[in-house]
Every structure is written in structure tokens, then in C-alpha cells.
Amino acid sequence: RLAQVGLVISALLLGVAASMFLQTTYGLQLEKTINGLLAIDSVQIWWYITRSAGIIAYLLLWFSTAWGLAVSNKILDPILHRMFTFDFHQFISLLAIGFLILHISVLTLDRYLPFTWAQVLVPFIEPYRPLWVGIGIISFYLILLVTVTFYMRRRIGMRTFRLIHVLSLVGYLGATLHGLYAGTDAPLLAMQIMYKGTLLVVVFLLAYWIIAALQ
């Protein structure tokens with residue numbers, strides 16, 4: 001588990017370092033060389049990368065949220081060992097954060113609609129759809145907080161852990177709103193079906209959990 005946390009932190013630091021390096025003289029020379037091979041100065045290339053990373057991160061986040069609700073509802077207990085379902089849920093969350101970091105880092109390289117590091121880390125200061133981008137940033141911090149508490153359960157106690165874990169639902173909802181209203185490809189029918197379809201699955205599992213808890 002410590003190795004997994006170290007991997008996520010390393011990916012974050014590597015993304016920041018790579019972005020800073022590409023803005024130096026040597027970085028620009030390297031970028032020019034790579035561009036000769038792969039044409040990375042195309043306006044569309046960074047958009048494709050950041051949107052692909054964002055969509056994958058969203059689907060992983062949805063899968064993690066749905067899986068967590070299924071574990072809470074004990075739906076998977078008859079077919080899978082509970083230790084496996086819990087660890088798998090944790091792994092999916094870390095993988096989602098990895099793609100979120102990629103999604104955020106690439107935004108600083110986009111030349112068509114460039115973002116600064118302040119704009120991708122501080123909510124509501126970006127001129128492009130500031131409300132929905134800001135909600136996405138806050139959702140990222142909530143998801144990061146919930147994931148970190150995986151490794152602090154013994155220190156903070158299970159009651160506090162479960163209360164903080166509820167924020168994962170808020171983070172998922174924020175990510176859905178961010179994708180629907182900040183994503184440049186959100187008007188496409190396929191994207192609308194993806195966002196709304198996955199949201200309905202989470203709503204169903206949440207309603208199932210609430211009804212079971214009340215009973």
C-alpha cells in the first residue's frame with residue numbers, strides 16, 4: 001500500500017517536473033526534435049490526450065464509486081471475497097487519480113486553450129467556464145482526500161473514515177457535472193449517454209443502500 005501511495009506521488013511529481021522541463025531551453029529543443037517525428041505541435045494533439053485521460057479517469061472514478069456502493073450493499077459477497085473487493089476498490093481509486101493527474105498536467109501544455117498551474121490547481125480563477133472547471137478541481141481534491149484516508153483508517157477510526165468516505169459521492173457528482181458542462185465534447189450524444197447512464201447506475205446503487213440501511 002505504501003508502494004501504491006509512492007507511485008501516485010511519484011506520478012504527480014513527475015508530471016510537474018516534466019511540464020517545467022518542457023518550458024526550459026533544453027525542453028524546447030527536445031520538444032522540437034520529438035515534433036519532427038510525431039508532429040506534437042498540432043493544436044489537436046494535446047486536446048486528444050487531455051480529453052482521453054479525462055474520460056478514462058471519469059470511467060475509473062465511476063467504476064470505483066459503483067464498486068464501493070456494491071461492496072457496502074454486500075452485493076458482491078456471494079461471489080467474491082470481501083478482502084479482494086475492498087483492495088480492488090482501493091486500486092481502482094489510485095488508478096483514477098493517476099489518469100486525473102495526467103488530465104490536469106496535459107492542460108498546461110495545450111496551446112489552443114492554455115492553462116497555468118494556478119488555474120488547474122485553484123478553483124474558479126480560470127476564464128474558461130470557471131464554475132464547472134472549479135467544481136472539477138474541488139472534486140479532484142475530494143477524491144484525493146478520500147483515497148488518502150484508505151491508509152489512515154487505524155489512526156482516524158472507522159467511523160471517521162466512513163464519514164469522510166461519503167465525500168467520494170460528492171466528488172463523483174462534481175466530476176460528472178465537470179464533464180457534462182466543461183468538456184468540449186460533452187454535447188455529443190455518446191458522451192451524454194455515458195455521463196447520464198453512469199450517473200443513473202450510481203443513483204440506483206445509492207438508493208438501494210439507503211433503503212437497506214433504513215430497513
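Q: Which residues of α8 and α9 meet each other?
A: In this predicted model, Leu163, Ile164 and His165 of α8 meet Leu167, Ser168 and Leu169 of α9. To be counted as meeting, residues must have heavy atoms within 4.5 Å. By class, this contact divides into four nonpolar, two polar and no charged residues.

Q: What makes α8 and α9 roughly parallel to each other?
A: The axes of α8 (residues 158–165) and α9 cross at roughly 15° and come within 5 Å. Angles under 35 degrees count as roughly parallel, and α8 and α9 are therefore given that description.

Q: Why is α6 called roughly antiparallel to α9?
A: Helix α6 (residues 130–148) and helix α9 (residues 167–182) have axes that cross at roughly 150° and come within 8 Å. The cut-off for roughly antiparallel is an angle over 145 degrees, so α6 is roughly antiparallel to α9. The crossing of these two helices is left-handed.

Q: How do you know which residues of α6 and α9 are in contact?
A: Contact requires heavy atoms within 4.5 Å. On the α6 side, the residues that meet α9 are Trp132, Val133, Ile135, Gly136, Ser139, Leu142, Ile143, Leu145 and Val146. Their counterparts in α9 are Leu167, Ser168, Val170, Gly171, Gly174, Ala175, Leu177, His178, Tyr181 and Ala182. The contact of α6 with α9 is made up of 13 nonpolar, six polar and no charged residues.

Q: What makes the pair α9 and α10 roughly antiparallel?
A: Helix α10 (residues 189–214) packs against α9 at an angle of about 160°, and the axes are 10 Å apart. Roughly antiparallel needs an angle over 145 degrees; α9 and α10 are therefore roughly antiparallel to each other. Their crossing is left-handed.

Q: Which residues form the contact of α9 with α10?
A: From α9 come Leu169, Tyr172, Leu173, Thr176, Gly179 and Leu180. From α10 come Gln192, Tyr195, Thr198, Leu199, Val202 and Leu206. The class count is eight nonpolar, four polar and no charged residues.

Q: Why is tryptophan 46 called buried?
A: Tryptophan 46 has a relative accessibility of 13%. Buried means under 20%, so tryptophan 46 counts as buried. Tryptophan 46 is part of helix α3 (residues 43–72).

Q: Why is alanine 207 called partly exposed?
A: The relative accessibility of alanine 207 is 34%. Buried is under 20% and exposed is over 50%, so alanine 207 counts as partly exposed. Alanine 207 is in helix α10, and its C-alpha atom is 10.0 Å from that of leucine 69, which is 138 residues away along the chain.

Q: Why do phenylalanine 124 and arginine 129 count as partly exposed?
A: Phenylalanine 124 has a relative accessibility of 43%, and arginine 129 has 38%. Partly exposed is the range between under 20% for buried and over 50% for exposed, so phenylalanine 124 counts as partly exposed, and so does arginine 129.

Q: How many helices and strands does the chain have?
A: The chain has 10 helices and zero strands. Of its 215 residues, 39% are buried. Among contacts with a separation of 6 or more, 65% are between residues 24 or more positions apart.

Q: Where in the chain is confidence lowest, and where is it highest?
A: The lowest confidence is in helix α1 (residues 2–21), with a mean pLDDT of 68, and the highest is in α9, at 93. The chain average is 83, and 87% of the residues score at least 70.

Methods:
Residues numbered from 1 in each chain as written. Predicted model: local features only at pLDDT ≥ 70, side-chain atom pairs only at ≥ 80, totals over all residues. Heavy atoms only, no water. Axes fitted to C-alpha atoms, helices over the stretch in contact; angles between N-to-C directions. Helix = DSSP H or I, 4+ residues; strand = E, 2+ residues; numbered from the N terminus. Parallel < 35°, antiparallel > 145°, perpendicular 65-115°, else oblique. Left-handed = near helix turned anticlockwise from the far one by under 90°. Nonpolar A, V, L, I, M, F, W, Y, C, P; charged D, E, K, R; others polar. pLDDT = per-residue confidence, 0-100. Buried < 20%, exposed > 50% of the residue type's maximum accessible area, 1.4 Å probe, protein only.
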